Amino acid sequence: MKRQNQSSVFEFILLGFSNFPELQQQLFGIFLIIYLVTLIGNDIIIVVISLEQSLHVPMYLFLLNLSVVDVSISAVIMPEMLVVLATEKTSISFVSCFAQMYFVLFFGGTECFLLGAMAYDRFAAVCYPLSYPIIMHKRIFMKLVICSWGLSFTLGTVQTSWVSSFPFCGPNEINHLFCETPPVLELACADTFMFEIYAFTGTVLIIMVPFLLILLSYTQILFAILKMKSTTGRQKAFSTCASHLTSVTLFYGTASKTYLQPKSGYSPETKKLMSLAYTLLTPLLNPLIYSLRNSEMKRALVKLWRRKVDLHTL
């Protein structure tokens with residue numbers, strides 16, 4: 001009730017790309033196709049890994065969790081974004097806006113931690129292949145997954161609760177495609193300095209700690225690969241790690257620029273494009289990155305397809 005007494009704004013207007021009305025229709029079509037391909041691609045990975053027993057190992061179970069995150073964050077953002085593009089601007093209630101903000105933080109944070117855990121898994125597999133079953137024991141795998149989801153749950157809860165407690169007196173137009181923390185915070189009619197310090201510190205920890213873990217893991221992996229005498233072994237190790245590195249570069253490169261950049265660092269339109277890169281392109285490309293470069297995934301997909309065909313022919 002305290003928030004309602006202080007705020008005179010009970011809904012927001014998402015402006016989207018209303019500065020470019022001539023592009024709205026084309027963007028709607030492009031984003032709709034991207035959304036459908038994202039859902040189909042990630043759902044295929046989830047189904048294949050879930051049904052194929054040979055893929056029930058940490059590497060692929062991490063990928064399963066990553067696909068669940070990608071489907072979820074797309075479902076949180078894309079439907080509202082499509083409405084914005086279809087109508088040029090649209091209203092969203094106070095509660096819905098902060099619910100969307102919470103889930104973006106929750107799933108985005110989970111992806112950060114999962115990518116870090118996947119780097120550790122690759123480090124153990126390449127650098128200590130004989131000890132890998134002990135290092136990446138089922139219990140350790142479960143702890144890494146639970147911590148990834150649990151820490152992100154805490155992040156989303158604390159940050160969203162804090163931002164929603166600020167008074168919003170107007171204007172109520174969010175110059176963005178969805179309710180993300182930085183553009184919403186600009187509308188608060190209160191001193192947000194302490195929150196910005198907290199948010200920056202928290203974001204550095206959430207983004208940089210997993211990133212440093214990834215950097216350290218791949219430094220060790222690189223040394224291990226260079227010591228390999230077998231050319232085939234080197235190629236297999238590089239192939240195993242290349243997919244993860246591509247995903248890491250795409251996600252961390254754009255997410256860090258969105259959340260660690262000063263307010264005046266980029267124009268609103270540039271910020272929208274960077275947000276789209278990690279919330280839209282990463283979930284779209286992850287299935288392509290991991291499935292097209294992975295022979296085991298392709299074999300499992302073919303195996304399941306043949307099984308389905310055989311069932312229909314009986």
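**Close-up views of a predicted model**

**View 1. Helix H6 along its length.** Helix H6 (138–164) has 27 residues, which at 1.5 Å a residue should span 39 Å, and its end C-alpha atoms agree, being 39 Å apart. The expected span is 1.5 Å times one less than the number of residues in the helix. Helices (H or I, at least four residues) and strands (E, at least two) are DSSP runs numbered from the N terminus. The model is predicted: local features need pLDDT of at least 70, side-chain atom pairs count only at pLDDT 80 or more, and totals for chains, interfaces and linings use all residues. Residues are numbered from 1 along each chain as its sequence is written, and side-chain values use heavy atoms, with hydrogens and water left out. The buried residues of H6 include Phe141, Val145, Leu155 and Val163, together with Ser148, Gln159 and Thr160; buried means under 20% relative accessible area, exposed over 50%, and partly exposed in between (1.4 Å probe, protein chains only).

**View 2. The largest nonpolar core.** This core has 67 residues, and those with the most contacts inside it are Phe31, Ile49, Phe62, Met81, Leu115 and Tyr252. A nonpolar core is a set of buried Ala, Val, Leu, Ile, Met, Phe, Trp, Tyr and Cys residues joined through side-chain atoms within 4.5 Å. Among the elements that give two or more residues to it are H2 (24–51), H3 (58–87), H4 (94–127) and H6. H3 provides the largest share, 15 residues.

**View 3. Surroundings of Phe31.** Beyond its neighbours within four places in sequence, Phe31 is in contact (heavy atoms within 4.5 Å) with Met78, Met81, Leu82, Leu85, Leu276 and Leu280.

**View 4. The disulfide of Cys97 and Cys179.** A disulfide (a pair of cysteine sulfur atoms within 2.5 Å) joins Cys97 to Cys179, with S to S 2.0 Å. The link is left-handed, with -115 degrees about the S-S bond. Cys97 lies in H4 and Cys179 in the loop between S3 (173–174) and H7 (181–185), so the pair ties together parts 82 residues apart in sequence. Cys97 is buried at 0% relative accessibility, and Cys179 is buried at 0%.

**View 5. The disulfide of Cys169 and Cys189.** Here the S to S distance is 2.1 Å. The torsion about the S-S bond is about 60 degrees, so this disulfide is right-handed. Cys169 lies in the loop between H6 and S3 and Cys189 in the loop between H7 and H8, so the pair ties together parts 20 residues apart in sequence. Cys169 is partly exposed at 42% relative accessibility, as is Cys189 at 33%.
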